[in-house]
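Visitor: I am new to protein models. Could you walk me through this one?

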Amino acid sequence: MTATAGPLLEVRDLHMTFGGIRAVQGISFQVAEGETLGLIGPNGAGKTTVFNMIMAELKPTSGEIWFGGENITRVPTHERVKRGIARTYQVPQPFGEMSVGSNIRVGMAPDDIWKLIAVGADPAAEAEIGRSVGFSDEQIDMLPSELAMGDLRRLEMARNVAVSPRLLLLDEVFAGLTLREIGQISELLVEKKRKDGLTYIIVSHDLRALAPLVDRVIVMSFGELIAEGSFDEVVKDEAVRDAYLGQ
């Protein structure tokens with residue numbers, strides 16, 4: 001992975017308006033290479049909208065997104081993936097009729113479906129990526145419908161790891177998991193960061209799971225950035241307690 005002199009990701013004064021509703025209002029932040037940034041806030045704060053803009057799934061009303069020192073505001077999603085940005089979703093979205101290994105293959109393939117057909121299967125590579133996120137050889141041949149929620153989260157990780165990202169956006173990665181599964185996913189994130197130098201932005205309502213993972217936290221409320229700092233600083237912030245913690 002190529003390091004950058006400045007921030008890996010820089011979001012500059014992003015706005016997103018749907019009709020007359022201002023979903024995101026002037027958000028600006030930076031993420032350094034190798035950092036884990038937490039993005040928290042109440043439901044409807046605009047967190048997923050920010051992810052959608054970073055991935056070019058939504059076009060900002062105004063503002064800029066820079067990645068690796070380049071302005072990518074007008075770069076389409078598949079090009080952003082090639083440059084090293086990937087994401088998971090709140091609800092896992094596997095290809096239901098394809099095995100775990102085949103789902104991983106989709107991540108390994110280029111952005112053109114015809115090229116995907118030409119790539120064909122590479123069971124050894126698929127199994128290697130699967131094992132790297134904790135799948136057994138038996139699970140590689142399973143269908144997503146046979147997996148527990150924790151393993152579906154692993155599959156989301158595997159599909160993203162397959163594109164060799166520099167930045168991984170994790171949207172509610174702990175949602176619906178047992179304490180045991182949260183521990184397993186947390187260990188996986190730490191290991192991938194240590195081994196591959198991954199940079200993360202993690203959206204999560206589970207603050208206890210988030211706390212040991214993040215280097216820094218930013219907080220959104222009603223589309224605006226209201227706080228930034230270490231986890232301990234942020235959860236003690238009065239504005240955060242009022243907007244997010246309800247205290």
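Visitor: At what angle do the axes of helix α7 and helix α8 cross?
Guide: Let's begin with the ground rules: this is a predicted model, where local features need pLDDT of at least 70, side-chain atom pairs count only at pLDDT 80 or more, and totals for chains, interfaces and linings use all residues. Residues are numbered from 1 along each chain as its sequence is written, and side-chain values use heavy atoms, leaving out hydrogens and water. Helices (H or I, at least four residues) and strands (E, at least two) are DSSP runs numbered from the N terminus, while axes are lines fitted to C-alpha atoms, for helices over the stretch in contact, with angles from 0 to 180 degrees between N-to-C directions. The axes of α7 (residues 149-161) and α8 (residues 179-196) come within 9 Å, and they cross at roughly 15°.

Visitor: Which word describes how α7 lies relative to α8?
Guide: Angles under 35 degrees count as roughly parallel, over 145 as roughly antiparallel, 65 to 115 as roughly perpendicular and the rest as oblique. The crossing is at roughly 15°, so α7 is, relative to α8, roughly parallel.

Visitor: Which residue in β10 is the bridge partner of V217?
Guide: Strand β9 (residues 216-221) runs antiparallel to β10, and five bridges join them. In β10, V217 has as its bridge partner G229.

Definitions and conventions
Pairing = 2+ DSSP bridges.
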